[in-house]
Amino acid sequence: MDELTTSARRVPLEAGAGPDNPPCPACGEPLFGWLAEQERLGAPVSRCEACGLGIVGGSRGSEEALAALDRLGNQDHARIVDRQSFACSVGGAGWAGLEPGAHYLFTVEAVRRLVAQRDQVVRRRRWAAGPSLALTWQTLLNSVTFGHNVALAAFGKGEAAPADESWQRRIDALASIVLAIPAAIITLPIELSAALFRRGAVVDLRFELL
Ligand SMILES: [Zn+2]
């Protein structure tokens, strides 16, 4: 756990929103530091301890968050990479959901609160098996590579943050090949139990008007 998280955790929730703890755009509770600035993200990451929403850098509020959600589907469905998944708990800063360009890191609860602001409810949630297995597999590989998300990007899925040095990129390519199958074997029980506890890595949500 990094210093930012440790120091932020000393602030009690009831301290309320302030310049250092702006309100969560989904539920209004104060945001707290989660991860120190990562080079590939360009900003520190904060999170809401009530609904779990994660935010890279700042937020302009719920309209911006809803627009980001709509880009993951449209106004009646979205596929989110869940920040409250087992994969995220296991991966921390190496979680494959933290790809370059990420801004809002949704959870099912955060989505529920956000869509309620436009009089919608989450009618259905479904574990997206294939994408979840791929994301957890990549999260495990991220713990041994210099770069981030290099294996999935090699398959044309998502965006990688390759390592700076060419020798590191060569090691990453080799590690991804050699460890592909062992990582897949570990992925299976993690992600299947995650699905069982409704903490799968990728979730499809469907919304309806109240
Ligand atoms: Zn919140």
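**View 1. Salt bridges across the model.** The count of salt bridges comes to six, taking one as a side-chain nitrogen of Lys or Arg within 4 Å of a carboxyl oxygen of Asp or Glu. This is a predicted model, so local features need pLDDT of at least 70 and side-chain atom pairs count only at pLDDT 80 or more, while totals for chains, interfaces and linings use all residues. Residues are numbered from 1 along each chain as its sequence is written, and side-chain values use heavy atoms, with hydrogens and water left out.

**View 2. Arg 118 with Asp 70.** Their side chains meet in a salt bridge at 2.9 Å, N to O. Arg 118 sits in the loop between α4 and β7 (120–127) and Asp 70 in helix α2, so the pair ties together parts that are 48 residues apart in sequence. Helices (H or I, at least four residues) and strands (E, at least two) are DSSP runs, numbered from the N terminus. Both Arg 118 and Asp 70 are buried; that word means under 20% relative accessible area, with exposed over 50% and partly exposed in between (1.4 Å probe, protein chains only).

View 3. The Arg 123 and Glu 208 side chains form a salt bridge, 2.9 Å from N to O. Arg 123 is in strand β7 and Glu 208 in strand β8, so this pair ties together parts that are 85 residues apart in sequence. Glu 208 counts as partly exposed because its relative accessibility is 39%. Arg 60 and Glu 64 also meet in a salt bridge, at 3.2 Å, N to O, and Arg 60 counts as exposed, at 76% relative accessibility.

**View 4. The largest nonpolar core.** Here are 25 residues, and those with the most contacts inside the core are Leu 53, Leu 69, Phe 106 and Val 111. A nonpolar core is a set of buried Ala, Val, Leu, Ile, Met, Phe, Trp, Tyr and Cys residues joined through side-chain atoms within 4.5 Å. Two or more residues each come from α2 (62–70), β5 (77–81), α4 (108–116) and β8 (202–209), and α4 gives the most, with five. Apart from this core lies another, of 17 residues, among them Val 56, Trp 95, Ala 96 and Ala 201.

**View 5. The largest pocket.** About 720 Å³ of space lies in the largest pocket. On a 1 Å grid over the protein atoms alone, a pocket is an open set of points where a 1.4 Å probe fits, with protein on both sides within 12 Å along at least five of seven lines; lining residues have an atom within 4 Å of a point. Grid points are joined across faces, edges and corners, and the volume is the space filled by probe spheres set on the points. Of the 26 lining residues, the closest to the pocket centre are Leu 72, Val 81, Gly 97, Glu 99 and Leu 135.

**View 6. Leu 72.** Leu 72 is found in the loop between α2 and β4 (73–74). Leu 72 is partly exposed, with a relative accessible area of 36%. Not counting residues up to four places away in sequence, Leu 72 touches Ala 78, Arg 79, Ile 80 and Phe 106, where contact means heavy atoms within 4.5 Å.
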